[in-house]
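Dear colleague,

Here is the structure I said I would pass on. My notes on it follow below.

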Amino acid sequence: MLTELLTGWIAHQRWFAGKGRPVDKLDIDSDIGLSPGLRHLIVSVHQAGTHDRYQILLGCCADDVPDRFRHALIGEGFYDAAHDADLTKTLLEAMAEGRDIGPLRFRHLDDVHIDTSLRSLVLGAEQSNTSLVYGDAYICKLFRRLIPGVNPELEIVNALAARKAAHIAQPYGWIEADLDGEPTTLAMTQEFLANSNDGWALALASVRDLYAWPQGSAADAGGDFSSESFRLGTATAEVHHELADAFPTGVMDPPEVRHLMEEYLRRLEQTVAEVPQLAEHAHVAEEAYRRVCEVAHEVPVQRVHGDYHLGQVMRTPTDWVILDFEGEPGQPLAERRALSSPLRDVAGMLRSFDYAARHLLADHPEAQNLLPQAAEWAELNRSSFLAGYSAGGGRLRGEDAVLLRALELAKAVYEVGYEARNRPSWLPIPLAAFQH
């Protein structure tokens with residue numbers, strides 16, 4: 001009965017990766033009692049010959065599920081206990097005490113204190129994971145879809161915390177278990193950045209202020225963001241240095257660089273076939289990839305963020321903090337942990353400035369008239385970010401600029417495919433990247 005209830009419920013969860021395909025079978029691989037009324041499940045979902053594993057906190061009631069959990073109802077007597085603060089306190093207590101509960105290992109960093117009296121609340125904005133905020137002190141991210149291995153975010157923030165790095169949220173603890181013989185991260189708890197704002201929201205406030213002042217310039221608008229972009233660039237360079245010190249580094253030799261550009265060219269061709277509007281701009285990317293092969297020698301590589309944009313950074317009252325080092329969640333774990341050029345992160349943030357400048361124009365009645373201001377805002381903040389990155393010690397030499405341009409266009413090619421599939425009205429945003 002429980003497997004049938006879970007089968008009907010899981011397909012409708014926002015973190016379920018197999019939407020749009022029927023669930024052939026659901027198996028319960030692990031069922032561990034954590035406390036009275038709370039069970040921890042790992043389930044395998046089989047779809048069209050493949051299977052993914054997911055983590056579920058199962059609340060169990062002898063009688064009907066209370067009305068306050070109706071929005072989290074799984075079926076008669078069962079609900080998603082991530083929404084039950086009386087039950088999720090067990091996670092914090094077990095991390096604080098370093099318990100082992102069956103195959104589950106709850107751990108905390110040395111020399112940290114965890115306040116177990118705090119109650120949790122589910123953060124509503126998550127897509128692929130579920131985050132529990134405990135008071136205004138901690139945020140515990142539950143990784144719903146489980147991939148065997150240590151999550152890159154846990155690996156990176158623990159390493160950087162050991163180095164007293166300034167631009168990360170303090171980690172406190174994590175939950176792990178073995179999957180396929182590998183220690184696998186199930187959840188991690190970090191400092192919750194109360195009284196902070198994410199970079200995307202701050203950037204959009206600046207853009208709105210500019211658009212409300214038709215005759216103004218980006219530098220004169222009340223919401224001028226360029227000084228923050230500079231500070232963010234400096235913080236990014238400092239984190240890249242910390243990553244290079246904490247993890248192995250290497251170089252890509254010219255044949256490897258050419259192979260990467262060939263891969264980008266294949267992706268370009270695939271996207272042109274999918275999105276015909278890109279065809280007239282394809283030569284811009286092709287030329288950028290060719291230039292890299294002409295000028296690139298050895299390209300330094302290291303651990304990077306891997307999915308860097310304005311939504312991954314928070315402005316605290318004192319500085320910028322970088323979050324979500326897990327890389328692109330849809331990519332294999334080995335690829336997310338692979339060494340890459342730090343300019344990949346720089347390119348991601350440059351694209352994010354373009355998105356911030358232009359996405360409000362999608363349904364704006366004065367969109368055409370505001371395009372020059374959008375371009376000015378984006379260029380001001382892009383250049384300020386790069387200046388800050390250089391000031392923080394980030395490498396930006398002549399040949400690096402060529403590689404950066406290619407990486408930015410490769411990101412824009414990806415965005416073209418994504419927007420064509422998911423948000424067609426946003427397609428002009430990435431297409432504009434090929435025009436400057």
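Which residues does glutamine 302 touch, not counting residues up to four places away in sequence? They are His240, Leu243, Ala244, Pro248, Thr249, Ala338, Leu339, Ser340 and Pro342, where contact means heavy atoms within 4.5 Å.

Before the rest, some ground rules. This is a predicted model, in which local features need pLDDT of at least 70 and side-chain atom pairs count only at pLDDT 80 or more, while totals for chains, interfaces and linings use all residues. Residues are numbered from 1 along each chain as its sequence is written, and side-chain values use heavy atoms, with hydrogens and water left out. Helices (H or I, at least four residues) and strands (E, at least two) are DSSP runs, numbered from the N terminus.

Glutamine 302

This residue sits in the loop between β16 (299–301) and β17. Glutamine 302 has a relative accessible area of 9% and is buried (buried means under 20% relative accessible area, exposed over 50%, partly exposed in between, with a 1.4 Å probe and protein chains only). A polar atom of its side chain lies 2.9 Å from the backbone oxygen of histidine 240. A polar contact is a pair of N or O atoms within 3.5 Å; within protein, one must be able to donate a hydrogen and the other to accept it, and residues adjacent in sequence count only if both atoms are side-chain atoms.

Helix α4

Helix α4 covers residues 199–211. Its buried residues are Gly199, Ala203, Leu204, Ser206, Val207, Leu210 and Tyr211. Seen down the helix axis, they fall within an arc of 155°, so they line one face of α4 (the arc is that of the directions from the axis to the C-beta atoms). They pack against β14 (197–198), β17 (313–315), β18 (320–322), α9 (343–358) and α10 (367–391). At the start of α4, a side-chain oxygen of aspartate 198 is within 3.0 Å of the backbone nitrogen of tryptophan 200.

Strand β10

Strand β10 (residues 138–143) has six of its six residues buried, so it is largely enclosed by the rest of the structure. Tyr138, Cys140 and Leu142 are on one side, with Ile139, Lys141 and Phe143 on the other. Strand β9 (residues 129–134) runs antiparallel to β10 and is joined to it by six bridges; two strands pair if DSSP finds at least two bridges between them. Leucine 132 has cysteine 140 as its bridge partner. β10 also pairs with β13 (residues 182–191), antiparallel, over five bridges, and there leucine 142 stands opposite alanine 187.

Regards

How values were computed
Expected span 1.5 Å × (residues − 1).
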